[in-house]
Amino acid sequence: LAKTTQPISMDSYEGQEVNITCSHNNIATNDYITWYQQFPSQGPRFIIQGYKTKVTNEVASLFIPADRKSSTLSLPRVSLSDTAVYYCLVGVAFSGGYNKLIFGAGTRLAVHP
Amino acid sequence: DSGVTQTPKHLITATGQRVTLRCSPRSGDLSVYWYQQSLDQGLQFLIQYYNGEERAKGNILERFSAQQFPDLHSELNLSSLELGDSALYFCASSVAAGESTDTQYFGPGTRLTVL
């Protein structure tokens, strides 16, 4: 099981770029890295997924170094509405033929005016 | 809107009671997942069904059970409710069986309050 480690919280200001790093030292060869965003009292929302190097979509970028033991979610020019909890999810663990799906504690991002 | 629907949105009940939470996955999705989120526990995976069959099990209590019906909707049954069962219960769905690339789409959740 690839355990993930993220900062518990981060603070930023409107218009700044925010980078949230997730460590996953035990990532398996077939594992992908996925990031979710969650607002209070809402279900998590998929942001981005990648396997290696760099992935970019209309919301964020995901940087994954060659060793894949970490990944960085980059949010360009954040706004107040980006205040949320961000979860890094790495692959699935197979145990006895079943998948086990683990969300970590997440990073609580607070964007200030 | 993720396309996943959950009912009811809110549920208030008493200890010892039994409730049923309902989830309809996105059109075409075969997997349904149930999660519990309480203030002190974060997002905890409970159970996954894939095309009607149990696929993965997390920290689901014996008092809880789930099933997925032929039309792929799912129900989570919580019985002998305790105060500590008060939480947000989320349902998610995905296209396939839960492989690493299988994106999960979450519903709006059901807030359960046990008094």
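The model is a predicted one, in which local features need pLDDT of at least 70, side-chain atom pairs count only at pLDDT 80 or more, and totals for chains, interfaces and linings use all residues. Residues are numbered from 1 along each chain as its sequence is written, chains are lettered from A and ligands numbered from 1 in the order in which they are written, and side-chain values use heavy atoms, with hydrogens and water left out.

B:D29 sits in the loop between β3 (19-24) and β4 (31-38) of chain B, where strands are DSSP runs of E with at least two residues and helices are runs of H or I with at least four, numbered from the N terminus. The residue is buried, with a relative accessible area of 1%; buried means under 20%, exposed over 50% and partly exposed in between, using a 1.4 Å probe and protein chains only. The side chain of B:D29 also makes a polar contact with the side chain of B:S93 at 2.7 Å, a polar contact being a pair of N or O atoms within 3.5 Å, of which, within protein, one must be able to donate a hydrogen and the other to accept it, while residues adjacent in sequence count only if both atoms are side-chain atoms. Not counting residues up to four places away in sequence, B:D29 touches B:L72, B:S93, B:S94, B:V95 and B:Y105, where contact means heavy atoms within 4.5 Å.

A second residue to look for is B:S74, which is found in strand β8 (residues 74-78) of chain B and is buried, with a relative accessible area of 0%. The side chain of B:S74 reaches the backbone oxygen of B:Q67 at 2.9 Å, and, leaving aside neighbours within four places in sequence, the contacts of B:S74 include B:L21, B:C23, B:V32 and B:W34.

Stepping back to the whole of chain B, one finds zero helices and 11 strands. The C-alpha trace of chain B spans about 40 × 30 × 30 Å along its principal axes, and buried residues make up 50% of the 115 residues. Among contacts in chain B between residues at least 6 apart in sequence, 56% join residues at least 24 apart.
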